[in-house]
Amino acid sequence: MSVILGYCDPLSVAPGETIRFMVSTEGLKSYRADIVRLICADDSADGPGYKEEVIETSVSGDHPGAFQPIRPGSLIQVPTNAQLDSLSSFTIQAIIWPTTPTKGRQAIVTRWCADESIGFGLFVDNLAACALVMGQAGSERILSTGKPLQERQWYVVGATYDGNTGAVSVFQRPLADYPGIDDAAEVTATFDSTALGGQGLPLLIAAACATRPTETSPIACGHFNGKIDRPRLARRALTVGAQAALSESGVPRALVPDVVAAWDFSREISSTQAVDISANQLHGNLINLPTRGVTGHNWTGRSVRWRDVPEEYGAIHFHADDMYDVGWQPSFALEIPSDMRSAVYAARLRGDNLEEYVPFFVRPKRGTTTADIAYLAPTATYMAYANYTSWADIDMIEKLQGGLFVADDWDLVLNERRELGSSMYDSHEDGSGICYGSRHRPMLTIRPKRRQLWNLNADSHITDWLEAKGYSYDVITDEDLHREGVGLLAPYRVVITGSHPEYDSREMLDALEAYTHQGGRFVYAGANGFYWRIAFHPETPGIIEVRRHNGTRNWVSPPGECTLSFDGEHGGIWRELGRSPNRLAGVGFTAEGFDYSTGYARKPDSFDPRAAFIFEGISADEIIGGFGSAGGGASGFEIDRADVAYGTPPHALLLASSEGHSDYYLLVLEDISLNYPGLGGDECDMVRADLVFFETPNGGAVFSTGSIAWAGSLAHNGYDNNVSRLTENVLRRFLDSAPFIKN
């Protein structure tokens, strides 16, 4: 099977800056690359038609194909050093919480090369028991406790080796006792007394070396699923009493000369470093971003914030399917020409009847603008949904849709290529939710010509409409806004969102609120926006984090793990943090459904003189948006309502509300304190999308559509329809410099 896959870095780039494209091919000796401006990414029969413009650049032409591997699985790497190479005896120890103990051999702390069967390591073996594995000259020796570890239970595990006598021991001690479960064990044996193998190998936590490393990052195997707390390494075989002392939080004074490394994962939780608190400072590097800010073996529940009691958050949760950076080498790079207009673009890669698109965004030259309108691309949401595979893993997808789910070609590729890493809606293979999202990998869910009218494809209806109506606009992204704040927005008369700006950092919300209060005009052209509170990684751009414990969600963060590891602030939905989307946009998430979309009926506020400009050319009894390519109407998929209880400004005008949603649209969980019949669209009056307008201080204003499907109606009938007309009425007035004045 021939394949082309690619991604880029960065995702947003300005003229004069360079963007790199990482491409991997299978079965192709070469491919052609072209840069195209994406005008409309939707090629469905119901939409305006797929539109792209080829841009001649320095990278246009043929490029050699090359396969680049993907190596999922998180671990910690401690580089080889003299302290490790000088070992002749050892004690390895850790406190672990295995989540898939029966999966097969999984590494805990190792200096082991599987290909050569050389070195040593502490493992969970094929019997789900704790085992010591040692090897020299390709001869593997194993000592196992033989007693299976229980899933999701804490154990102190360890092994010792005395190089003088060859005496070895392995132990596992559960931290909780259960009647009828005999899982405590300690076994001893004698191996040949030979020099330890593994010189030159790195020490790995939660994995082992598959082959002797020749690169910066090792090719790893035997990835561990679960939590590891307080891994320790000593240079001699310790007694039982010394082993107990070693598992304490610090390094006992009596053991200081013996301790090679004592990693404390409660230190620098927001970083990608595993801190060694021993005198040797053998710090480790985190690879593929295992989950931090998780409860350790000693969590008491007295606080749910790791910053309050970091000593109770000394664990890291590793996953065999963690993936945040595939680490491919650049295949080609483009310096953005000075005359390249701000827009949505893609590298189009073709070969052997295959086609791949790698979208990216060109912003104006830094410190400048080229238009009065800024289109704010919701790239954080793209990252959150990247490589969504739950359609294949959960049995409720067709119940949500009210019909059969039809997978497209890219869905099938994603289902087969799980090594690409899944979305923040999916779960790891051990059942824990995926809380980190990254753009450092192919994101197949933002490819144009996808069957689903969602995210990039849906958002392109907005840019297509702007093009069709002759409006000049700049493109900026969430990541730009997070870094640069309100200064990025301030020069623009109008800011327009995409159809689904769901994931937002505090910095992003602060900037948007400041913009509207400084007189900016804000068009929220979607729904379910400003919903989840995220954080961007403080060290590495292009990585976001979410924790889910309230709101409408696919998984729930475990108790005590609702604080973001990246910044130490509480996660969840913004409404629960006192910053409901209603405050910013006048509306907030109320329901979702995917069977069909409907139109809006005008409300009395639509006849208020303040709203007269919005309804110019639209009759009083006209249904707004009873048509469209997103489910057949302008209100659908996910919808928002106005509600003063959640922060909708008291002077906001409720212009129109959607009607006729089915019972596949159910009221969101955060609005339900008690389940009872009648919470579906057929009976519940809160299941509706609202069109809302209100003025803001200093002459600004906000208009919100309350629906993801709104954008899918803009192009209906050759852009001659009441959704298009109403949107243009709003935009025309918002571009007018005359200030809005609240009555």
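Close-up 1. Glu151 is partly exposed, with a relative accessible area of 46%; buried means under 20%, exposed over 50%, and partly exposed in between (1.4 Å probe, protein chains only). Arg152 is partly exposed too, at 28% relative accessibility. The two side chains meet in a salt bridge, 3.2 Å from N to O. The term denotes a side-chain nitrogen of Lys or Arg within 4 Å of a carboxyl oxygen of Asp or Glu. The model is predicted: local features need pLDDT of at least 70, side-chain atom pairs count only at pLDDT 80 or more, and totals for chains, interfaces and linings use all residues. Residues are numbered from 1 along each chain as its sequence is written, and side-chain values use heavy atoms, with hydrogens and water left out.

Close-up 2. Shared partners join Asp9, Glu17, Arg20, Arg363, Arg366, Arg439, Glu479, Asp480, Arg483 and Glu484 into one network. The count of salt bridges comes to 45.

**Close-up 3. Asp34 with Arg348.** The closest N and O atoms of this salt bridge are 3.4 Å apart. Asp34 sits in strand β4 (residues 30-40) and Arg348 in strand β26 (residues 343-351), so the pair ties together parts 314 residues apart in sequence. Strands (E, at least two residues) and helices (H or I, at least four) are DSSP runs, numbered from the N terminus. Both Asp34 and Arg348 are buried.

**Close-up 4. Arg111 with Asp85.** A salt bridge joins these side chains at 2.5 Å, N to O. Arg111 belongs to strand β9 (residues 106-113) and Asp85 to helix α1 (residues 82-85), so the pair links parts 26 residues apart in sequence. Arg111 is buried, at 1% relative accessible area. Asp85 is partly exposed, at 30%.

**Close-up 5. Asp504, buried without a salt bridge.** Asp504 lies in strand β32 (residues 503-505). Asp504 is buried, and the nearest side chain of opposite charge, Arg579, is 9.8 Å away. A polar atom of the Asp504 side chain lies 3.2 Å from the backbone nitrogen of Phe530. Not counting residues up to four places away in sequence, Asp504 touches residues including Leu509, Phe530, Trp532 and Trp574 (contact: heavy atoms within 4.5 Å).

**Close-up 6. Cysteines without disulfides.** The whole structure holds zero disulfides, a disulfide being a pair of cysteine sulfur atoms within 2.5 Å. The sulfur of Cys209 is 6.3 Å from its closest cysteine sulfur, in Cys113, too far for a bond. Cys209 is buried, at 1% relative accessibility. For Cys435 the closest cysteine sulfur, in Cys562, is 11 Å away, again too far. Cys435 is buried at 5% relative accessible area.

Technical notes:
Lys, Arg positive; Asp, Glu negative; His and termini not counted. Polar contact = N/O pair within 3.5 Å; in protein donor to acceptor, adjacent residues only side chain to side chain.
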